[in-house]
Amino acid sequence: MTRMGFTIDLERCVGCQACVIACKVENGTPRNIHWMRVLEKEVGEFPDARRTFTPVRCNHCANPPCVQACPTGAFVQRDDGVVLIHDDVCVGTMACLTACPYYVPVRYDGGGGYFGRQLTMYEDTKLSRHREGTAQKCHFCYQRLDAGRPPACVEACPADALNYGDLDDPDSVVNHLLQRRRHFRPREELGTDPSLFYLVGNGGGSVGGMDQGEAR
Amino acid sequence: MTVMPTKVAHALERAWTGWRPERHSHGNVGQRFDFAFPVQRHWGARVAFYLYLGGTGAGFVFLEVLLRWFGVLGERTAAVGMWLGLALALLSILAIFDHLGPVVRWSAYFAFRRPRTSWISRGVIIVTTLVLLRLLVALPTAPGAGGLPWAEGTVLGTLLRALVIACALAFMFYSGLVISSWNAIAFWNTPLLSVLFVGFSFLGGLAALPAIAWVVEGLPAMRGVGAVVWPYVLALLAANGIVLALYIHGMSTATRPARVSVRMLLEGPVRRRFIGGVVVLGLLAPAVVVTSEVIGLLGGDIGAAVLLTGAIAAIEVGGYFLRDVVLRVGVYGPPV
């Protein structure tokens with residue numbers, strides 16, 4: 001079996017947002033819709049203040065609440081664990097938006113481009129891939145995976161903070177990282193079995209300046 | 001597999017709502033990349049209407065069939081109660097499909113596809129079955145259809161009525177389960193919410209029956225039905241108040257997103273709707289009026305009937321506000 005997974009090294013992430021832009025370019029996501037985000041938080045006080053960065057995206061959970069909640073069967077999980085939306089089956093019920101504890105899916109209802117209703121040629125081409133009134137989210141760049149290439153965000157990361165691979169393969173990059181580094185998964189207690197791991201090194205379990213216990 | 005040509009769906013959508021592409025997308029959209037406790041915005045008034053109308057409609061049908069069975073309700077009152085219950089259930093279906101999205105309204109059958117995992121699928125199947133079954137039960141009363149084998153008093157008729165009661169009960173539970181089954185929003189993720197919604201559905205259905213009896217069969221019928229119903233309404237008001245207090249208290253000591261929801265409920269923009277609409281209008285004020293009736297302070301004149309009808313209206317408004325405020329204070333936890 002193959003189960004595609006993802007690691008994010010919080011000690012390496014410098015908050016450059018290259019992954020956000022790479023995702024936008026690869027997938028042509030509409031205005032204001034980001035499948036990849038880097039959350040920022042300021043912690044501490046002067047002179048010890050610092051800014052922390054936490055990339056977030058679809059966790060491609062093994063037990064995905066969005067797939068269960070979708071009444072139309074538009075959400076499907078591939079054999080390699082990647083969760084996809086068939087936008088020709090999606091009818092925009094927004095059940096996935098409510099069910100996902102990471103509030104990842106969004107419903108695209110149009111809204112023109114970055115320069116108003118008149119789309120640029122680039123936007124016209126890219127937005128034609130997205131069907132209005134349907135949900136969308138990160139699909140692990142499955143078209144690149146199938147071609148043997150890494151997801152756009154992983155490829156673009158200059159700090160090597162993002163990695164991906166087969167969690168069921170003991171020799172994969174992600175498994176090597178998980179064996180070496182302290183790690184945790186986002187809101188694991190909800191039983192979603194996410195395929196995304198945050199590496200925290202020796203720095204303890206703080207994310208974005210928020211102690212994990214604080215969020216619970 | 002294509003649901004419907006997008007252009008056709010959008011043309012129908014424009015005719016229905018005036019929808020234009022510049023409408024904002026839904027969900028976690030925008031430019032703010034920060035940690036927060038975002039409030040869900042996509043389940044609003046229309047879902048609250050769906051939960052209220054569906055729950056109360058199911059309560060109506062449940063009680064109308066049950067009380068008619070036990071001879072508490074007259075035939076005409078029961079018939080009007082049934083049609084009212086069905087109308088509410090049908091309106092609830094319209095409300096949910098109006099909410100479900102610009103395409104689903106015109107491809108509604110797609111919402112029925114995944115009852116094994118999706119609570120929305122289960123809900124639309126239950127409420128549709130309820131409406132169809134109740135219409136089937138009512139069919140022998142139609143002119144010229146008296147010979148059908150499931151008329152009142154037959155084995156088949158009794159079986160169908162039992163199925164109607166089971167469907168109505170299932171929908172009342174469903175209206176709470178649909179949101180409590182998801183752990184994304186801590187404030188909803190408790191079985192107590194289902195109990196609360198069932199209690200308010202029963203209350204909404206039961207309290208309205210004396211008013212229907214008054215309108216259909218006159219003041220004496222209202223007194224007759226009320227003599228049986230008011231003590232139960234009072235008990236339900238008390239029980240719902242207790243369950244609501246337990247729910248809020250439980251959430252105020254639960255996880256941080258749940259505590260944020262409680263703070264929004266008691267101190268945020270919906271506090272007037274919750275305290276004024278749900279607690280005072282929906283529970284306390286009707287409790288005072290119904291208690292006065294139960295202990296015999298009100299008498300049997302038309303003034304008392306008007307006061308009791310006002311209490312019934314307050315209960316119904318409170319029932320809607322409960323669903324509305326519960327949805328509006330749904331808060332996600334941080335994604336990490």
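Is Met94(A) buried or exposed? Met94(A) is buried, because 24 other C-beta atoms lie within 10 Å and the cut-off for burial is 20 or more.

Met94(A) sits in the loop between β5 (83-85) and α3 (95-99) of chain A. Its backbone stands out too. Phi of Met94(A) is near 70°, a positive value in a residue other than glycine.

Cys141(A) belongs to the loop between β7 (134-136) and α5 (142-146) of chain A. Cys141(A) counts as buried, because it has 23 C-beta neighbours inside 10 Å.

Chain A has another backbone feature to look at. The peptide bond from Phe46(A) to Pro47(A) is cis, with omega near 10°. Pro47(A) lies in the loop between β2 and β3 of chain A.

Those two strands turn up again around helix α1 of chain A, residues 18-27. Its buried residues are Ala18(A), Cys19(A), Val20(A), Ala22(A), Cys23(A) and Asn27(A). What do they pack against? Their partners are β2 (37-43), β3 (50-56), α6 (152-156) and β8 (162-166) of chain A. After α1(A) comes Gly28(A), with a positive phi near 60°.

Now turn to chain B. It holds ten helices and one strand. From the N terminus on, the order of elements is α-β-α-α-α-α-α-α-α-α-α. Chain B has 336 residues, and 48% of them count as buried. Take the contacts in chain B with a separation of 6 or more: residues 24 or more positions apart account for 76% of them.

Ile165(B) is placed in helix α5 (residues 155-180) of chain B. Ile165(B) and Leu63(B) are 102 residues apart in sequence, yet their C-alpha atoms are 8.3 Å apart in space. Leaving out residues up to four places away in sequence, Ile165(B) touches Phe62(B), Val65(B) and Leu66(B). Ile165(B) is partly exposed, because it has 19 other C-beta atoms within 10 Å and burial needs 20 or more.

Next, follow helix α10 (residues 302-328) of chain B. Two of its helix contacts are described here. Start with helix α2 (residues 45-69) of chain B. The two helices pack at an angle of about 140°, with their axes 8 Å apart. That angle makes α2(B) oblique to α10(B), because roughly antiparallel applies only to angles over 145 degrees. The crossing of α2(B) past α10(B) is right-handed. On the α2(B) side, the contact is made by Ala45(B), Val47(B), Ala48(B), Leu51(B), Tyr52(B) and Thr56(B). On the α10(B) side are Gly319(B), Tyr320(B), Arg323(B), Asp324(B) and Leu327(B). By type, these contact residues divide into seven nonpolar, two polar and two charged.

The other partner is helix α6 (residues 191-217) of chain B. How is α6(B) set against α10(B)? The two pack at an angle of about 150°, with their axes 9 Å apart. That makes α6(B) roughly antiparallel to α10(B). Here the crossing is left-handed. From α6(B) come Phe200(B), Leu203(B), Gly204(B), Ala207(B), Ala208(B), Pro210(B), Ala211(B) and Trp214(B). They meet Ala305(B), Leu308(B), Thr309(B), Ile312(B), Ile315(B), Glu316(B), Gly319(B) and Leu322(B) of α10(B). The residues of this contact comprise twelve nonpolar, three polar and one charged. Gly319(B) takes part here, and Gly319(B) is also in the contact with α2(B).

How far can the prediction be trusted? The predictor gives the complex an ipTM of 0.81 and a pTM of 0.84. Chain B has a mean pLDDT of 85, and 90% of its residues reach 70 or more. Within chain B, confidence is highest in helix α9 (residues 271-294), at a mean of 95. It is lowest in helix α1 (residues 6-17) of chain B, at a mean of 68. Where pLDDT is low, the predicted coordinates should not be read in detail.

Key:
Residues numbered from 1 in each chain as written. Chains lettered and ligands numbered in written order. Predicted model: local features only at pLDDT ≥ 70, side-chain atom pairs only at ≥ 80, totals over all residues. Axes fitted to C-alpha atoms, helices over the stretch in contact; angles between N-to-C directions. Helix = DSSP H or I, 4+ residues; strand = E, 2+ residues; numbered from the N terminus. Parallel < 35°, antiparallel > 145°, perpendicular 65-115°, else oblique. Left-handed = near helix turned anticlockwise from the far one by under 90°. Contact = placed C-beta atoms within 7 Å. Nonpolar A, V, L, I, M, F, W, Y, C, P; charged D, E, K, R; others polar. Buried ≥ 20, exposed ≤ 12 C-beta atoms within 10 Å, placed from the backbone. pLDDT = per-residue confidence, 0-100.
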